[in-house]
Amino acid sequence: MTMNMTRRTALASLGAALAAPAFVRRANAAEVTLKLHCMLPAPAPMNSVFFAQWISDIETASEGGIKIDLYPSMQLGGKPPQLADQVRQGICDITWTLPVYTPDRFPVAETLALPYMVTNAEKTSVVMHKLMDEFGQDEYRGTKTLAFHTHDGGKIHTREGLIQTADDLKGLKLRAPNQATGKMLENMGAETVFFPVTDMVVGLSNGVIDGCCLPYEVVPAFKLQELTKYTSAPAPAGRGLYANTFSLLMNERAYEGMPDDLRKVIDDHSGIGLSERIGKQFDAFEAKGKEVVVNNGNTIGEIAAEEIESWRELAAPVHDEWVQKLNDRGLDGAAILARANELLDAGQAS
């Protein structure tokens, strides 16, 4: 009797092992390990909250078949403007990058970084994804595009004094968030410089700049609430001052080289749904960032809606110039800008 039970137990164990070879293989070692390269420090919400959860979701859905290693703070080398090339070249497998860091190179992706092309992050991220699907299919050749998104409308953070009118900007040295917004600020008398957000602390600490344009969400990661004491934000309900755009990209060869079932996991965790999810997450990051600024005792002021409307008039030439840039690239600039505005207005009304 003991011998029969031992034989049955052994056969049952062998059958179980043969029935689930894939699970055992994936549980012991990932079939695919991907390197995700990010410019922001590890504590930044994009890393500690969003990427941490997204990576976990993919690893769980793939039963351990996909492992993603996150490299924050440019740990794989290079500078933030090089990230799009790094993922195309295979230096990393996935990256998150800003088109505005390489001005005019990805013009459709950069379009929503024009002044006054943002409502909130969630709705504007969906708009960006739709715009890229319709007009920007050729911009990221050599990569698998995973998502597109924006942050919430940016604010003006200064070391001394609130900004409430265009006159308050005259003579101020500001870090502009991108080329187009910088031109609008220059039209109002500001002196602008542009460098990646990772260089912000040095610029404010050594007096190279008097302030910067940023959303609240990025403030805590660099402790900018300690370097600026005043924040000026447009009156709510209208469009924001500006938003930068972001692209989440994967190396095309890395994606194509994966087994079909693992490619499906990536597909299921990318696309317009992911763009919307990131945008929603950035709206939550924005609220948390504002809390940090308020709790630090900084002064927050509102720029009146009438004042913002007059600023929008100063942005009109910037939009016209952008249409011409798109035309020069063989695109229909007027159609792209009109479609972006149509989608933004529809999202604002929804």
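The second largest pocket is lined by 13 residues, and D133, G136, Q137, T145 and F148 are those nearest its centre. The model is predicted, with local features needing pLDDT of at least 70 and side-chain atom pairs counting only at pLDDT 80 or more, while totals for chains, interfaces and linings use all residues. Residues are numbered from 1 along each chain as its sequence is written, and side-chain values use heavy atoms, with hydrogens and water left out.

A pocket is an open set of points on a 1 Å grid over the protein atoms alone, with protein on both sides within 12 Å along at least five of seven lines; lining residues have an atom within 4 Å of a point. Volume is the space filled by probe spheres set on the points, which are joined across faces, edges and corners. For the second largest pocket it is about 170 Å³. α6 (121-135) and β4 (143-150) each give at least two residues to the lining of this pocket. Such elements are DSSP runs, numbered from the N terminus: helices are H or I with at least four residues, strands E with at least two. By class, the lining of the second largest pocket has three nonpolar, seven polar and three charged residues. Here Ala, Val, Leu, Ile, Met, Phe, Trp, Tyr, Cys and Pro count as nonpolar, Asp, Glu, Lys and Arg as charged, and the others, Gly among them, as polar.

The largest pocket has a volume of about 370 Å³. Its lining comprises 21 residues, with D152, K155, A233, P234 and P236 closest to the centre. β9 (230-234), α12 (272-295) and β11 (299-303) each supply at least two of the lining residues. Nine residues of this lining are nonpolar, six polar and six charged.

A cavity is a set of grid points where a 1.4 Å probe fits but cannot get out. The whole structure holds four cavities of 30 Å³ or more. The largest cavity has a volume of about 160 Å³. It is lined by 17 residues, and L98, V197, E217, V218 and F246 lie nearest its centre. This lining has 13 nonpolar, two polar and two charged residues.

The second largest cavity has a volume of about 50 Å³. Its lining is formed by L114, Q179, A180, K183, V318, E321, W322 and K325. Two or more of these residues come from each of α7 (179-187) and α13 (305-328). α13 gives the most, with four residues. The lining of the second largest cavity divides into four nonpolar, one polar and three charged residues.

Aromatic rings were examined next. Rings of Phe, Tyr and Trp (its six-membered ring) pair if their centres lie within 6.5 Å; planes under 30 degrees apart count as stacked, over 60 as edge-to-face and the rest as tilted. The count comes to eleven aromatic pairs. F50 and W54 are stacked, because their ring centres are 6.5 Å apart and their planes at 15°. These two residues are four apart in helix α3 (residues 45-61), so about one helical turn separates F50 and W54. Ring pairs join F50, F51, W54, W96, F246, F282 and F285 into a cluster.

In helix α11 (residues 260-268), the buried residues are L262, R263, V265 and I266. They lie on the same side of α11, because they cover an arc of only 150° around the axis. The arc is taken from the directions from the helix axis to the C-beta atoms.

How values were computed. Buried means under 20% relative accessible area, exposed over 50%, partly exposed in between (1.4 Å probe, protein chains only).
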